[in-house]
Amino acid sequence: MKILVADDSRVMRQIVIRTLRQAGYDDHDIVEAEDGADALAKVSSEKPDLVLSDWNMPNMTGMECLQALRSSGSAVPFGFVTSEGSPEMREKAADAGALFLIAKPFTEDTFKEHLDGVIA
Amino acid sequence: MSFGDTGERRRASDGPLLISGLIDEETVRSIAQEAWSALVGECEFLVPQPGELPADPVSAWVEVVGPWTGAVVLTCGRSTAEQLSRELLKEHAPSVLDDEDIEDGLGELANVVGGNVKAVLPGPSVLGLPEVGTAPQARADTVRADLLWRGQSLTISVQGSAGALTDPHENHENEVPL
């Protein structure tokens with residue numbers, strides 16, 4: 001399985017990748033994207049099985065990326081990993097077609113809770 | 001055309017929301033502690049105790065724009081910021097951290113704390129991207145948590161863009177509105 005991790009912070013991308021490993025998802029290919037536009041391009045070129053994306057990013061937000069993916073007909077499973085976890089944001093994420101929203105700070109248990117069943 | 005608006009409602013809600021009525025120091029510390037435990041390390045504690053910031057402080061902040069508008073600012077010494085970024089990166093930390101890594105790490109901590117502070121403030125509001133540098137000037141409308149991490153001073157202030165202190169010596173020409 002290939003997982004695309006999109007965050008404009010290199011430090012946060014490393015934390016997400018480490019937490020995936022700690023949660024037991026350690027035998028998957030990881031691809032990194034540094035903003036929404038990069039993520040959109042890499043969904044096309046890398047064909048990931050899952051996208052884990054920050055919301056607030058320069059160039060193109062995670063939400064804009066998700067909307068562009070769905071508009072282009074892509075049904076790639078997509079989840080947000082973001083510092084904002086209000087009910088309003090969760091509703092917006094679900095309405096746009098996201099499977100889940102993991103709020104920062106997160107733990108390996110939070111990842112397991114949302115990703116079990118999504119990651120084979 | 002007249003809307004028959006007496007202006008009474010406007011006057012009643014004219015005053016800006018003050019942060020001191022929306023969040024307290026202990027809530028700020030608690031939000032920061034949760035971020036530290038999850039991201040820096042399970043046994044990393046923020047002790048509520050004022051300390052002295054070193055002469056070379058660095059700040060990272062995110063802006064919140066909504067019913068309450070202001071910034072959530074994390075300030076510590078350069079060396080503390082470097083140690084924090086090293087802990088965030090753990091085994092991926094290079095032997096020598098460059099400025100970009102340090103700013104990225106501190107900015108991401110400010111982003112996580114800011115996002116969770118925003119969640120307890122009245123909405124809807126928008127969170128900005130993290131910025132790093134010299135902190136925006138603190139105003140009268142500020143709630144500040146003075147903390148120690150591994151004995152090193154660190155402050156987190158939630159500072160509104162309203163309620164500026166009147167200082168006749170302040171150079172307003174360089175002021176950037178939040």
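Two strands are said to pair if DSSP finds at least two bridges between them. Helices (H or I, at least four residues) and strands (E, at least two) are themselves DSSP runs, numbered from the N terminus. This is a predicted model, in which local features need pLDDT of at least 70 and side-chain atom pairs count only at pLDDT 80 or more, whereas totals for chains, interfaces and linings use all residues. Residues are numbered from 1 along each chain as its sequence is written, and chains are lettered from A and ligands numbered from 1 in the order in which they are written.

**Stop 1: the hairpin of chain B**

Select residues 142–149 of chain B, which form strand E6, together with residues 152–160, strand E7. E6(B) and E7(B) make a hairpin with two residues between them, and in its turn Arg150(B) has a positive phi of about 50°. Eight bridges connect the two strands in the antiparallel sense; Leu148(B), for example, has Ser153(B) as its bridge partner in E7(B).

Which residues of E6(B) form its covered face, and which the uncovered one? Val143(B), Ala145(B), Leu147(B) and Trp149(B) belong to the covered face, while Thr142(B), Arg144(B), Asp146(B) and Leu148(B) belong to the uncovered one.

**Stop 2: two crossing helices in chain B**

Select helix H2 (25–40) and helix H4 (99–120) of chain B. Their axes come within 10 Å and cross at roughly 135°; axes are lines fitted to C-alpha atoms, for helices over the stretch in contact, and angles run from 0 to 180 degrees between N-to-C directions. H2(B) is therefore oblique to H4(B), given that angles under 35 degrees count as roughly parallel, over 145 as roughly antiparallel, 65 to 115 as roughly perpendicular and the rest as oblique.

To see the contact, display Thr27(B), Val28(B), Ile31(B), Ala32(B), Ala35(B) and Leu39(B) in H2(B), which meet Leu109(B), Val112(B), Val113(B), Asn116(B), Val117(B) and Val120(B) in H4(B). Residues are in contact if their C-beta atoms, placed from the backbone, lie within 7 Å. By class, this contact has 10 nonpolar, two polar and no charged residues. Ala, Val, Leu, Ile, Met, Phe, Trp, Tyr, Cys and Pro count as nonpolar, Asp, Glu, Lys and Arg as charged, and the others, Gly among them, as polar.

**Stop 3: Ala71(B)**

Move to strand E3 of chain B, residues 70–77, and pick Ala71(B). Ala71(B) counts as buried because it has 25 C-beta neighbours inside 10 Å; the class requires 20 or more, with exposed meaning 12 or fewer and partly exposed in between, for C-beta atoms placed from the backbone. Across chain B, buried residues make up 36% of the 178 residues.

**Stop 4: where chain B touches chain A**

Display both chains. How many residues of chain B are in contact with chain A? There are 25, and they touch 18 residues of chain A. H2(B), helix H3 (78–89) and H4(B) each supply at least two residues of this side of chain B, and the largest share, 12 residues, comes from H4(B). This side divides into 10 nonpolar, nine polar and six charged residues.

Within this region, select helix H1 of chain A, residues 10–22, with H3(B): their axes come within 9 Å and cross at roughly 35°. Val11(A), Gln14(A) and Ile15(A) in H1(A) meet Ser85(B), Leu88(B) and Leu89(B) in H3(B). Four of the residues in this contact are nonpolar, two are polar and none is charged.

**Stop 5: the sheet of chain A**

Select the five strands of chain A, which form an open, parallel sheet in the order E2-E1-E3-E4-E5. Strands E2 (29–33) and E5 (100–103) are the edges, each pairing on one side only. The twist averages 20° from one strand to the next. Strand E4 (residues 78–82) pairs with E5(A) over four bridges, and Gly79(A) stands opposite Phe100(A).

**Stop 6: Arg90(A)**

Finally, pick Arg90(A) in helix H4 of chain A, residues 87–96. Arg90(A) counts as partly exposed because it has 16 C-beta neighbours inside 10 Å. Not counting residues up to four places away in sequence, Arg90(A) touches Gly85(A) and Leu101(A).

Key. Contact = placed C-beta atoms within 7 Å.
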